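Here is a short note to read beside the model.

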Amino acid sequence: MKNIVVIGAGTMGNGIAHTFAQTGFKVNLVDVSEEALAKGVKTITANLDRIIAKGSLTEEQKTETLNNISTFTKLEDAAGSADLIVEAATENIDLKLKIFKQMDDLAPENCILATNTSSISITKIASVTKRPEKVIGMHFMNPVPIMKLVEIIKGYSTSKETFDAVYEMSKTLGKVPVEVNDYPGFVANRILMPMINEAIETLYNGVAGVEEIDTVMKLGMAHPMGPLQLADFIGLDVCLAILNVMYDGFKNPKYAPNPLLVNMVTAGKMGVKSGEGFYDYSESKKAEKVSKMFLK
């Protein structure tokens, strides 16, 4: 596989495009928004400059990486010679099903169709295509160029050939692929999201404040980031969407999102992306200031 298409130029999409391009693959980055594409390429450029500053990349390698990326606003213009398409659109089931129908119609017959979904059923996504054996999950972690893990999720009909090809390709990207079966939340979010939800529950019940909860988990459990800060970093809307998928999938109340999380998302407090969540990011992106609504 040499020609890669990435759908979505947001945080995950541009990170996936960056990773493939830096490894030498030709990447067509697709987004309906020209502005999103420009912002995505700008982010990739800034991240490459950061790697250069650390001495891990040369200017020539940066140029080669950027030259490996082409941008498109229409999938039909980008998918004609694709060996692998990775969908990295918003975590919305209706949108993903629509995109996969388009991918299936436009991609070559031998092309593998992958999704970066963090919780939605691969089997359900595959069901809208005529090639369910070639549909697979590639759940990258954020930030993609740095994080080593990729969950490789097999749908009910995913073939061994498809799984093996994607598993081995992930290794060429310098990642550590982990085989996972298709159940809501997979492994990463099935464990992570209940922890985040419980941290929000702890705050909601007045057991401790934002900084106190995060400090306990950082210093007591050796987590590099507290769960509330991590939720802000992921996006509270994303956390809510994943919890809802797991609650709908398992019908188990332990996955029901806390009312505080629901209210914050409804109020537009999404975390870093909106400038405020459990922390205030108006002056710094480093979670140095607790949001005023949580101050004692």
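1. On the other side of helix H8, Ile191 and Glu198 are exposed (over 50% relative accessible area; buried is under 20%, partly exposed in between; 1.4 Å probe, protein chains only). This is a predicted model: local features need pLDDT of at least 70, side-chain atom pairs count only at pLDDT 80 or more, and totals for chains, interfaces and linings use all residues. Residues are numbered from 1 along each chain as its sequence is written, and side-chain values use heavy atoms, with hydrogens and water left out.

2. Helices are DSSP runs of H or I, at least four residues; strands are runs of E, at least two; both are numbered from the N terminus.

3. Which residues of H8 are buried? They are Asn189, Met193, Ile196, Asn197, Ala199, Ile200 and Leu203. Seen down the axis of H8, they fall within an arc of 155°, so they line one face of the helix (the arc uses directions from the helix axis to the C-beta atoms).

4. These buried residues pack against strand S6 and helices H9, H10, H11 and H12. Just after H8, glycine 206 has a positive phi of about 75°.

5. The largest nonpolar core has 32 residues (buried Ala, Val, Leu, Ile, Met, Phe, Trp, Tyr and Cys joined through side-chain atoms within 4.5 Å). Helix H1 gives the most to this core, five residues. A second, separate core of 27 residues includes Ile196 and Leu228.

Technical notes:
Contact = heavy atoms within 4.5 Å.
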